[in-house]
Amino acid sequence: MRLTPANAPDFIAANTRLQAVPHAPEISLWLADEITPLWRLTEEELGEMGLPPPFWAFAWAGGQALARWLLDHPAEVAGKRVIDLATGSGLVAVAAMKAGAASVLAADIDPFCAAAVAANAPSNGVEIAFTDANLLDAPPPPADLICAGDVFYEKPMAEAVLAWLKQAQANGTRVIVGDPGRTYFPKSGLTLLAEYTVPTTRELEDQEVKRSRVWSLDPA
């Protein structure tokens, strides 16, 4: 049976396990222990090579930092409408809901993220809406806060995301980003909110610990 969005929940259940997030242990996610075997298995099941990594199966450093900040600063998110851009596993979305957000829309163009979020939200006792629409194709929807973790790893995406986030900020939405020093992270226009030492693995990153930062986007 080929992997499809319809049977993705079974695939996730068979190839991940529920485990605490290293830098936000209040949250448990269905995560893979190793990226390469799951990546290869995903390609085999889909019958397609050269796929991007299964971002939904790991707690990336920028997202962990952003989740930690939200959990530690609930007043920044309590009662607010939140969008988690490029949600992946839904880690940041879960953190926002646990910190008291009124609602969270988790967005990711990878359709398998829908199954990951659907598994991870109830595992943490929260409800999260999901969309696989590419939000960058339209003006930012109304929200009080937009969170974006680990989105500056590729130049075209980084440029498109930054332009979209600036548009959202100009519309009155606060923008918070988490990043461990990705190559295309903006060099200006942000204010540092926090810095964390986040456990990771050399399989995911170039170090076993990544210094990850949380920033707010400055007004234009």
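What follows is a guided walk through this structure, from the whole chain down to single residues.

Before setting out, please keep in mind that this is a predicted model, in which local features need pLDDT of at least 70 and side-chain atom pairs count only at pLDDT 80 or more, while totals for chains, interfaces and linings use all residues. Residues are numbered from 1 along each chain as its sequence is written, and side-chain values use heavy atoms, with hydrogens and water left out.

Let us begin with the chain as a whole. Its secondary structure comes to six helices and nine strands; helices (H or I, at least four residues) and strands (E, at least two) are DSSP runs, numbered from the N terminus. Of the 220 residues in the protein chain, 50% are buried. Here buried means under 20% relative accessible area, exposed means over 50%, and partly exposed is in between (1.4 Å probe, protein chains only). The chain exposes about 10,100 Å², and carbon and sulfur atoms supply 54% of that area; accessible areas come from the Shrake-Rupley method with a 1.4 Å probe, and for residues only the protein chains shown count as cover. Contact means heavy atoms within 4.5 Å. Among contacts between residues at least 6 apart in sequence, 66% join residues at least 24 apart.

Now to the helices, starting with α3 and α4. Helix α3 (residues 61–72) and helix α4 (residues 91–98) pack at an angle of about 5 degrees, and their axes are 8 Å apart. That angle makes α3 roughly parallel to α4. Axes are lines fitted to C-alpha atoms, for helices over the stretch in contact, and angles run from 0 to 180 degrees between N-to-C directions. Angles under 35 degrees count as roughly parallel, over 145 as roughly antiparallel, 65 to 115 as roughly perpendicular and the rest as oblique. On the α3 side, the contact is made by G63, Q64, L66, A67, L70 and L71, and on the α4 side by L91, V92, A95, A96 and K98. By class, this contact of α3 with α4 has eight nonpolar, two polar and one charged residues. In this scheme Ala, Val, Leu, Ile, Met, Phe, Trp, Tyr, Cys and Pro count as nonpolar, Asp, Glu, Lys and Arg as charged, and the others, Gly among them, as polar.

Stay with α4 for a moment. This helix is mostly covered, with seven of its eight residues buried; they are L91, V92, A93, V94, A95, A96 and M97. After α4 comes G100, whose phi is positive, near 110 degrees.

Strand β3 itself contains I83, which counts as buried at 3% relative accessibility. Leaving aside its neighbours within four places in sequence, I83 is in contact with L105, L135, P141, P142, A143, L145, I146 and C147. I83 and A107, 24 residues apart in sequence, are 7.3 Å apart in space, C-alpha to C-alpha.

Helix α1 (residues 8–15) packs with helix α5 (residues 112–123) at an angle of about 65 degrees, with their axes 9 Å apart. In this contact, A8, P9 and I12 of α1 meet F112, A115 and A116 of α5. By class, the contact of α1 with α5 has six nonpolar, no polar and no charged residues.

Helix α1 also holds N15, which is partly exposed at a relative accessible area of 29%. The C-alpha atoms of N15 and D33 are 18 residues apart along the chain and separated by 8.9 Å. D33 turns up again beside Q19, a residue of strand β1 (residues 17–21): leaving aside neighbours within four places in sequence, Q19 is in contact with I27, S28, L29, L31, A32 and D33. Q19 is buried, with a relative accessible area of 18%.

D150 sits in the loop between β6 (145–149) and α6; its phi is positive, about 60 degrees, although it is not a glycine. At 12% relative accessibility, D150 counts as buried. G172, by contrast, is in the loop between α6 and β7 (174–179) and counts as exposed at 60% relative accessibility. G172 and L145 are 27 residues apart in sequence and 9.1 Å apart in space, C-alpha to C-alpha.
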